[in-house]
Amino acid sequence: MTETATAPTPPTRYTGSRVPRVEDGRLLTGHGTFVDDIQRPGMLHACFVRSPFARALINEIDASAALALPGVHAVFTAADLNPDVHEQWYSSYGPKVPDTPRPPLASGEVRFVGDPVALVVAENRYIAEDAVELVEVDYEPLTAVADYRDAQTSGILVHPKYPNNVAGGLAGPPPQVVEAAFASAAHIADETFYQQAYAPVPMETRGMVVEWSADTDELTIWAATQTPHEVRAFGARLLGLEPERVRVLMRDTGGGFGQKVVPMREDMCVMLAARKVPAALKWIEDRRENLMAAGQARHEHGHARIAFAADGTILAAGIEHTQDIGAYPTPWPVGAAAAVGLLFPGPYKVPLASWSTTSLFSNTAGRHAYRGPWQFESVARELLLDIAARDMGLDPVELRRRNMISRDELPYPNPAGMPPYDHSSPLETFELALKMLDYDAFRAEQAAARAAGRYLGVGTSTYIEPTATGQEYYACEGAVLRVAPDGRMTVIVNGGSSGNSLETTVIQLTADALGVPFDNVDTIQGDTAVTPFGSGTAGSRSGSATAGAVGEAAAALRAKLAELASPRLGVPPEDIEVADGRAQVRGSGQSSGQSSGQSLTYADLAGPDGVEASATYTAKAPMLWSNATHVCTCEVDVVTGKVTLLRYIVGEDVGPMINPNIVEGQIAGGTVQGIGGALLEHMVYDEDGNPLASTFVDYLLPTTTEVPHIEYGHMETPAPGPGGHKGAGEGGAIGAPPAVINAVADALSPFGVKITNLPASPAALVALLTEAGH
Amino acid sequence: MKPARFEYHRPGSVDEAAALLAELGDEAKVLAGGQSLVPMLSLRLAYFDHLIDVSRLDGLRGLTVDGASLRLGAGMTEAAVGADVGVARAVPLLARATPLIGHFQIRNRGTLGGSIAHADPAAEYPAVALALDAELEAFSASAGRRVIPAAEFFTGLWSTALEPDELLVGVRFPVWTGRCGFAVEEFARRAGDFAIAGVVVALELNGDDRVARAAIGMLGLGSTPLRAPAAEAAAVGQRAGELDGAELGRLAMSGLEDIPADLQGSADYRVRVGAELVARAWAAASAEAAGSDGVGVTAASAGAIDG
Ligand SMILES: Cc1cc2nc3c(=O)[nH]c(=O)nc-3n(C[C@H](O)[C@H](O)[C@H](O)COP(=O)(O)OP(=O)(O)OC[C@H]3O[C@@H](n4cnc5c(N)ncnc54)[C@H](O)[C@@H]3O)c2cc1C
């Protein structure tokens with residue numbers, strides 16, 4: 001189902017069609033090249049000694065037994081690596097934010113289980129792991145802040161410089177702004193929601209190969225990353241090298257979702273250590289390390305309130321949000337949390353809003369970016385709306401209909417401090433998704449099932465999200481377009497594709513921009529030595545940003561081709577049209593005979609050295625608004641608490657799609673991660689701060705058997721950006737958890753059960769049912 | 001996740017394997033499908049200097065039917081057990097339990113003997129073996145062949161009556177004939193996970209629809225697989241259709257000790273789920289028995305196919 005809102009963009013050949021992915025051939029036949037596939041002469045292997053304690057003093061490290069093991073080259077500790085840090089900051093935030101501590105190796109004190117304490121370098125990973133067991137660390141265990149909810153009262157400090165473990169906080173309109181509205185409200189919904197820690201869990205863990213050439217002062221890095229150019233910039237600053245002396249390469253990255261958006265502490269260690277060993281150094285994180293130390297996300301709670309008039313219209317909304325940032329968050333976590341408050345009003349007509357957010361340290365793995373890092377706004381709002389509807393005796397769908405913003409009401413102000421919502425379709429995607437379900441028919445089916453003792457439920461979740469930000473660093477994307485002597489095209493961009501098909505995307509865009517067949521275009525990505533700057537896969541920006549970059553580079557290339565064609569066609573360049581793979585005199589038309597005097601192919605113009613043009617696109621709009629509604633139905637076994645998902649529908653609007661297959665792939669991936677967050681995934685720690693889910697035995701990812709077929713409904717409201725395209729990368733992970741939880745809560749509504757804690761595990765649901773007397 | 005150094009041995013026969021085990025003692029471990037042992041080695045939760053790979057031994061394969069029992073070689077893969085029509089006819093519980101073991105990739109390598117020797121309290125085959133009073137055949141260089149009744153085999157969490165130098169060579173399952181019904185019910189977070197709790201039921205009805213014999217095996221509810229003797233006793237002699245499943249569930253859960261409590265659920269939660277699974281499995285098995293023609297399965301009709 002696809003509907004275009006306003007005038008469609010000019011017809012194009014490839015953009016908008018389901019072109020098969022060029023990446024698939026190599027990936028599906030097992031021929032992708034991931035960082036662990038990199039082999040270098042004499043390559044050495046790194047493995048970390050990690051803390052077994054959540055908090056402890058390091059009295060002494062004795063590496064003598066490890067160093068005595070044949071095949072071991074070096075054991076580095078903080079004393080060896082940390083002093084070499086030249087500068088350590090991320091380009092997106094710059095050096096001036098009050099960033100949280102981030103030492104390469106733990107020095108003096110370990111602050112979470114998994115904290116890297118030493119780095120062993122050996123001939124192979126087997127020997128490195130043998131040596132890790134021989135490094136003797138004398139720890140003096142200390143009581144830890146295992147749960148961030150105790151951080152402000154425990155009296156224990158994760159970092160001595162942060163009183164009460166507060167890393168920082170931000171606030172929007174204060175509570176006074178909404179108090180009058182709450183005082184006059186006919187109904188108030190007021191709950192505190194808690195979301196468990198979970199994480200991106202990319203199929204490929206983190207990893208890096210770093211090779212230092214002392215003779216030339218050059219560093220080469222092969223990385224699993226979402227953006228090679230940031231790895232280069234960061235690495236150069238870290239080591240005090242000129243960026244031109246650092247080359248970063250990547251081909252395939254097996255998922256990032258925020259975990260690979262910037263280098264982390266282990267990456268720093270490998271870069272620093274590489275200068276001290278005689279050959280390339282490889283570090284491949286194993287799954288246990290990934291689940292223990294690569295970081296966590298989503299761990300937070302919020303006191304959320306909505307005031308309603310008697311007819312159900314929203315008068316005001318407010319949220320006080322608190323998040324766990326672990327011991328060593330990456331990057332600075334305080335600023336990012338503002339989006340929770342800013343977006344809490346969501347795609348609804350909310351006149352007044354207030355918010356605040358606080359970031360608290362704990363002795364657990366550091367918080368990091370994860371697909372839709374602010375998604376708690378949707379969790380809190382959408383769960384609260386369902387609870388409010390039930391309390392008011394309204395159908396949750398009806399309550400939303402009375403408040404949701406529709407396309408013709410745009411632009412519509414956001415009361416929390418965001419620029420106004422625009423170019424989106426919240427109510428329209430909501431109705432589309434409900435129609436795909438046949439909501440009324442489902443309600444009838446539900447009633448019949450209940451009469452037979454079976455508990456079905458339906459839940460919805462509607463959100464609006466800012467994508468493709470115009471923020472300085474992420475606004476920027478370069479492209480180079482090259483015509484080879486034979487007329488073949490190459491499009492060269494930063495890359496950083498971690499499953500999001502940037503190769504297929506830019507080839508489609510280039511083929512259209514120059515009117516050449518898709519198969520005549522190649523792409524080069526993931527090598528900072530030959531690609532222009534781009535800020536990589538982040539913030540649902542790549543589609544829009546690469547469309548901008550390819551569009552501008554194509555305009556420059558067409559101008560060059562027109563210049564070249566001018567003397568040969570005997571008309572000034574402005575009279576020459578470059579399209580459909582040819583330069584021809586404007587108005588002569590393709591049908592007017594292909595006489596060489598009037599029309600030249602790109603190959604005719606390229607000459608022996610080809611033709612090339614480049615451009616850097618800078619996004620002008622502060623953001624492009626994408627929106628969607630997720631609708632989920634489920635059945636709950638009220639004895640065991642097992643949830644079976646029945647149907648899953650996403651009605652969404654990312655503007656005109658470049659490739660519907662890729663858009664749907666993005667939605668599916670995010671949705672499955674959200675389903676995992678709602679029902680299964682949980683990075684649990686015990687009360688001493690020990691991680692209990694550090695293998696896939698305990699960290700439960702959704703698999704094909706838990707995920708229903710996902711149905712898609714598309715609406716295409718163009719945005720004021722290149723091609724009208726909006727971001728599609730993150731939304732699935734935002735919309736899914738509340739839709740699933742609302743469906744489960746709806747199924748259990750006959751028991752008066754209210755779900756405010758995630759995940760909705762079977763045991764947790766049974767506890768709620770038991771509490772409710774069932 | 002790389003194991004510590006070990007020496008790999010691939011003996012050519014059961015005798016050779018037993019001789020190696022006798023020689024290397026505690027430092028050696030039998031390697032079958034590796035689906036439980038290798039993860040433990042890789043996570044360095046276990047260390048052995050020697051691994052003795054028995055996965056290619058013909059002497060541990062094969063399926064034979066004699067009299068009232070079905071004998072399976074310990075080395076038969078879980079996939080082979082699950083695919084065998086003869087197994088499905090003779091011991092339906094084995095066939096029905098198999099798809100619940102992990103994923104097909106795991107079943108392609110994991111073995112019947114490995115599963116039983118590993119003795120995970122949440123594993124399916126040990127519960128089936130215990131419920132049906134299977135006989136476990138062990139072999140060692142010193143003591144030769146010996147038969148251990150299932151009731152004496154599972155001695156504790158991941159521990160069995162096998163001596164360190166003993167190899168599990170075969171498992172003999174009684175074949176139930178007559179008006180029988182069988183059911184396996186289990187509850188896991190995801191398809192393929194070890195169960196939070198599970199129940200296997202076998203029952204036989206006599207001519208007037210009374211329960212002639214009943215076997216209830218339980219998994220995930222203790223430190224070993226368990227029987228439910230009180231529930232079994234309460235069922236025998238009663239009309240199957242008149243039995244209250246909830247009451248059987250309650251009886252089965254009464255007196256349980258060492259109920260695991262972990263991330264997936266407390267002991268109370270497991271008891272709630274376990275009781276319900278007993279009721280569901282009992283209902284399914286008695287419906288099957290009531291609908292059976294009474295000719296049932298005979299040992300002779302079970303085909304012998306090499307696994
Ligand atoms: C992801 C995953 C999910 C799983 N889910 C389930 C599940 O749901 N249910 C379930 O039951 N199992 C499950 N398993 C375990 C699987 O069934 C194992 O294969 C089985 O438990 C062990 O069989 P194996 O042949 O792989 O034995 P190995 O791993 O090779 O050995 C296991 C142990 O048994 C010993 N051993 C093996 N063979 C013999 C023998 N002939 N004589 C003496 N000792 C022997 C070994 O020395 C070792 O101690 C799962 C495994 C994985 C990896």
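An oxygen atom of the ligand sits 2.8 Å from a polar backbone atom of B:Gln35, a polar contact in the sense of a pair of N or O atoms within 3.5 Å. Another entry of this kind involves B:Leu100, where a polar backbone atom and an oxygen atom of the ligand are 3.4 Å apart. On its own the ligand has 970 Å² of accessible area, and the protein covers 89% of it; areas come from the Shrake-Rupley method with a 1.4 Å probe.

This is a predicted model, in which local features need pLDDT of at least 70 and side-chain atom pairs count only at pLDDT 80 or more, while totals for chains, interfaces and linings use all residues. Residues are numbered from 1 along each chain as its sequence is written, chains are lettered from A and ligands numbered from 1 in the order in which they are written, and side-chain values use heavy atoms, without hydrogens and water.

The shell around the ligand holds 28 residues, the closest being B:Val30, B:Gly34, B:Leu37, B:Thr111 and B:Glu124; a residue belongs to it if one of its heavy atoms lies within 4 Å of the ligand. By type the shell divides into 13 nonpolar, 11 polar and 4 charged residues, with Gly counted as polar. In chain B, strand E2 (28–31), helix H7 (112–118) and strand E10 (167–174) each supply at least two shell residues, and H7(B) gives the largest share, 4 residues. Helices (H or I, at least four residues) and strands (E, at least two) are DSSP runs numbered from the N terminus.

Chain B is assigned domain 1 (7–53), domain 2 (59–174) and domain 3 (179–298), with bounds from an automatic or database domain assignment. The C-alpha centres of domains 1 and 2 of chain B are 18 Å apart, and 14 residues of domain 1 of chain B are in contact (heavy atoms within 4.5 Å) with 15 of domain 2 of chain B. In chain A, the centres of domains 1 and 2 lie 37 Å apart, again over C-alpha atoms, and 25 residues of domain 1 of chain A contact 27 of domain 2 of chain A.

The model scores ipTM 0.93 and pTM 0.96. Chain B averages a pLDDT of 94, and 95% of the residues score at least 70; pLDDT is the predictor's confidence in each residue, from 0 to 100. Over residues 296–307 of chain B, pLDDT stays under 50. Where pLDDT is low, the predicted coordinates should not be read in detail.

How values were computed
A polar contact is a pair of N or O atoms within 3.5 Å; within protein, one must be able to donate a hydrogen and the other to accept it, and residues adjacent in sequence count only if both atoms are side-chain atoms.
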